[in-house]
Amino acid sequence: MSVAITSDTASRKVTTHRLMEMKRRGEKISVLTAYDYSMAKIIDQAGMDVILVGDSASNVMAGNVTTLPITLDQMIYHGKSVVKAVRRALVVVDLPFGTYQGNSKEALSSAIRVMKETHADCIKMEGGAEIRESIERVLCAGIPIMGHLGLTPQSINKFGTYAVRARGETEAKKLIEDAHLLEELGCFGIVLEKIPALLTKQVSEELAIPTVSIGAGQYADGQVLVMHDMLGINREFSPRFLRRYADLNAVITKAVQAYIEDVKNRDFPNEKEQY
């Protein structure tokens, strides 16, 4: 199904309500991560619907092996940088590990800090029934939440692997129940990560709120990738679901090497490049 994109559609601010409208009319939702002002500005001007300030910043910006070490202060820093650049996209900021699990008062405090200090549109939280109390408390404060089910990277030490989740009947049943719970509680959308495509199809058809896939197949209402992976900056991560749209690693390397060569050969700066 092709969707006509008018100038009004392209420029109008994306909101949680608008995402619901997009799902109802069958328009797929484009989502990409960003962590800094300059890249967020490019991504927003290109027409992205949603920009996720993901805790994947722990990996691609800070060099950590997992998402667990990144702090709330660091997420606020990245969120604030992104929001300053964005005019159209909905900006979602991840609550990092340890700022909401098991303590609903801390969850609310963390969410309020993100909203007040970054000026983001909403937050994202990983988990279902086990974080119900935290979700309810944050939503009661009027803060929109995007849920996240399936492979939840903040629980990687529990899983012990990044393998596809919910292949078995028991885990699939729980995921479906959690998805309905998140909708009933008031979440405006759900990220589904690395689960079977047909399970994504079932969840997406049963829910009124939009679903966004990362490695969860084509049947979700939207797709999200990590910017560094999609642009080929990060070459160390090559799962089946990743499509690279550029090889910026090669482009940047070539440019840097050319700069080094010009400096060494005294070709830079030339007469026109100095005062």
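Modeller: Let us begin with contact, which means heavy atoms within 4.5 Å. The model is a predicted one, in which local features need pLDDT of at least 70 and side-chain atom pairs count only at pLDDT 80 or more, while totals for chains, interfaces and linings use all residues. Residues are numbered from 1 along each chain as its sequence is written, and side-chain values use heavy atoms, with hydrogens and water left out.

Biologist: Which residues is Ser134 in contact with, leaving aside its neighbours within four places in sequence?

Modeller: With those neighbours set aside, Ser134 is in contact with Tyr100, Asn103, Ser104, Ala107 and Met125.

Biologist: Why does Ser134 count as buried?

Modeller: Buried means under 20% relative accessible area, exposed over 50% and partly exposed in between, with a 1.4 Å probe and protein chains only; Ser134 has 4% relative accessibility and therefore counts as buried.

Biologist: Why does Gln154 count as buried?

Modeller: Gln154 also stands at 4% relative accessibility, so Gln154 counts as buried.

Biologist: What makes the pairing of the side chains of Gln154 and Tyr100 a polar contact?

Modeller: A polar contact is a pair of N or O atoms within 3.5 Å, where, within protein, one must be able to donate a hydrogen and the other to accept it, and residues adjacent in sequence count only if both atoms are side-chain atoms. The side chains of Gln154 and Tyr100 are joined by such a contact at 2.8 Å. The side chain of Gln154 also reaches the backbone oxygen of Leu95, at 3.0 Å, and that of Ser134 reaches the backbone oxygen of Tyr100 at 2.8 Å.
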